[in-house]
Amino acid sequence: MKRQLVLENGASFIGEGFGSSSEMKGEVVFNTGMTGYQELITDPSYCGQIVTMTYPLIGNYGINRSDNESARPSISGLIVKEVSKTPSHWQKEKSLSEWLDEYDVPGIEGIDTRKLTKIIREHGTLRGKIVSADADPSAVAEQLKKWPLPTDQISRVSTKSAYVAPGSGARVVLVDFGAKQGILRECIKRNLDVIIVPYQTSAHDILKLNPDGVLLSNGPGDPKEVPEAIDTVHELLGKVPLFGICLGHQLFALASGANTVKMRFGHRGVNHPVKNLRSGKFVITSQNHGFTVEPESLVGTDLEITHRAINDGTIEGLRHTKYPAFSVQYHPEASPGPDDSQDLFDEFLSMIESNKKEGASLA
């Protein structure tokens, strides 16, 4: 069945539909990963977005039960050059198309994804809608221009109630803004006693849990749309060690007096090079974000830059100069992607232990 992707600037692409036959709108973005489509489709940071895969063949190893980063797909739609009709892998349980249909996520294949990506690179992320092939593109484009992008993504993907992943090590509160399972897996691997709490949990309630550290997760959307979370992070600074990842990094920056701005088309892929300014070493990272910390806004704050993106020089890591707190814009848990940066979880653990020793000596 023919389907159509229409962008707010009037551009349209017609291809073959797969997955669900429903109509869906969202912010159209692109991801450069060659593999890892199941992890990124279930990444809550993509909530409200139609994802274009730049690699030409997607779905060739199907869908399995172990690669999800959340319970279900988070994307609004999927655009690919070609979807595999005969996926093959020993863990495969179903095809990508079957899985997306099960969760009412529409997809289109057979369009010129290179052209679409170039449009996004030139104009920035655009509103788009997956509709029938006979829909009038100009009428759909006019509707999209009037459609306000959603601002409730974090409330949609965050846990509704607190739960525990018990361990015998240090106690860490993971504030869930749309946390990937990979973050929790890295904590469990280190035997941390993890309490996962909803995004709107206050600093008072977090501190009542007596944490040794607080982890601020990734998540979708604009960090300024959750001012209550910014206030929470501000209140936690200096009281407990903090580690922010992706959206958590941006919230940490805002809580420390810096500013964030929207990028033209963001970073989404598994091969982004980053330089550690302290060690001089380079790592390849997995990234998924559309906002960044504004360098000029760091003037007058207690933040120092620890990491920079090689491709465009944007800020990829921050550290507080007075309090035990740091953050990175990329994903150290990968899922999908390289594991070059997983030692950041160990760095967080070392920070917790150092903070405990300092507290004991002061007592």
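Q: Into which domains is the protein divided?
A: In this predicted model, the domain assignment gives domain 1, covering 2–149, and domain 2, covering 154–362.

Q: And how far apart are the C-alpha centres of the two?
A: The C-alpha centres of domain 1 and domain 2 lie 28 Å apart, and the contact between them takes 26 residues from domain 1 and 21 residues from domain 2.

Q: What does UniProt place at residues 1–131?
A: An unreviewed UniProt entry places the feature "domain: Carbamoyl-phosphate synthase small subunit N-terminal" there, at residues 1–131.

Q: Switching to helices, how do the axes of H8 and H9 cross?
A: The axes of helix H8, residues 227–236, and helix H9, residues 247–255, come within 8 Å and cross at roughly 70°, which means that H8 is roughly perpendicular to H9.

Q: Is that crossing left-handed or right-handed?
A: H8 passes H9 in a right-handed crossing.

Q: Which residues make the contact?
A: From H8 the contact is made by Ala229, Ile230, Val233 and His234, and from H9 by Leu251, Phe252, Leu254 and Ala255. Of these residues, seven are nonpolar, one is polar and none is charged.

Q: New topic: where is Pro336?
A: Pro336 sits in the loop between strand S19 (325–328) and helix H10 (343–362).

Q: Is the peptide bond from Ser335 to Pro336 cis or trans?
A: The bond from Ser335 to Pro336 is cis, with omega near 5°, whereas most peptide bonds are trans.

Q: What about the phi of Ala334?
A: Ala334, which also lies in the loop between S19 and H10, has a positive phi, near 60°, although the residue is not glycine. Most residues other than glycine have a negative phi.

Key. Residues numbered from 1 in each chain as written. Predicted model: local features only at pLDDT ≥ 70, side-chain atom pairs only at ≥ 80, totals over all residues. Heavy atoms only, no water. Axes fitted to C-alpha atoms, helices over the stretch in contact; angles between N-to-C directions. Helix = DSSP H or I, 4+ residues; strand = E, 2+ residues; numbered from the N terminus. Parallel < 35°, antiparallel > 145°, perpendicular 65-115°, else oblique. Left-handed = near helix turned anticlockwise from the far one by under 90°. Contact = heavy atoms within 4.5 Å. Nonpolar A, V, L, I, M, F, W, Y, C, P; charged D, E, K, R; others polar. UniProt positions renumbered as here; feature names shortened; annotations may be inferred. Domains from an automatic or database assignment.
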